[in-house]
Amino acid sequence: MAKLYETVVLVDANQEDAVIEASIKKFETLIANGGEIVRVDRWGKRRIAYEIQGRTHADYTVYYYNATKGSLVSELERMLRLDETILRFLTVVDNPSGLPPLHPVDQPELVDDRDLSDKED
């Protein structure tokens, strides 16, 4: 059964646009060869929350893809680590509803509500 994965990649924004595009296409091709791409969202160049390797801006790309084997995710992350233009990345198994799955909660036992109004204060 294929799982839906989400990988966020931050590419160094100081690189030329052609280099950034080449990096994005390289990882898109890698994912397509080992799984099925659902969607690729380009967020573009943005200021990052804190400096990473002295950089303050990055080009954000989010890949949504189905993969049946963890080996695709392992290979993708290995390639991301080796690429010097990548500042950070994060891969998670995507939950389609966006919320954690709900587990049935045991109903708490009801307190025996005997008529307490007969007691005097």
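Author: In this predicted model, contact means heavy atoms within 4.5 Å.

Reader: Which residues does Asp12 touch, not counting residues up to four places away in sequence?

Author: The place of Asp12 is in strand β1. With residues up to four places away in sequence left out, the residues that Asp12 touches are Ile20, Arg55, His57, Thr85 and Leu87.

Reader: Why is Asp12 classed as buried?

Author: A residue counts as buried under 20% relative accessible area. Asp12 is therefore placed in the buried class, since its relative accessible area is 3%.

Reader: What is the order of the strands in the open sheet?

Author: The sheet is open and has four strands, with antiparallel pairing. Its edge strands, each pairing on one side only, are β2 (36–52) and β4 (86–93). From one strand to the next, the twist averages 20°. The strand order is β2-β3-β1-β4.

Reader: How many bridges join strand β1 to strand β3?

Author: Strand β1 covers residues 3–12 and strand β3 covers residues 55–67; the two run antiparallel. Across this pair, Glu6 stands opposite Tyr64 in β3. The number of bridges joining β1 to β3 is 10.

Reader: What angle does the direction of helix α1 make with that of β2?

Author: Helix α1, residues 17–34, packs on the sheet and touches β1, β2, β3 and β4. Its direction makes with that of β2 an angle of about 135°.

Reader: Which strands does helix α2 touch?

Author: Helix α2, residues 70–82, also packs on the sheet. The direction of α2 makes about 165° with that of β4. The strands touched by α2 are β1, β3 and β4.

Conventions:
Residues are numbered from 1 along each chain as its sequence is written. This is a predicted model: local features need pLDDT of at least 70, side-chain atom pairs count only at pLDDT 80 or more; totals for chains, interfaces and linings use all residues. Side-chain values use heavy atoms; hydrogens and water are left out. Two strands pair if DSSP finds at least two bridges between them. Axes are lines fitted to C-alpha atoms, for helices over the stretch in contact, and angles run from 0 to 180 degrees between N-to-C directions. Buried means under 20% relative accessible area, exposed over 50%, partly exposed in between (1.4 Å probe, protein chains only).
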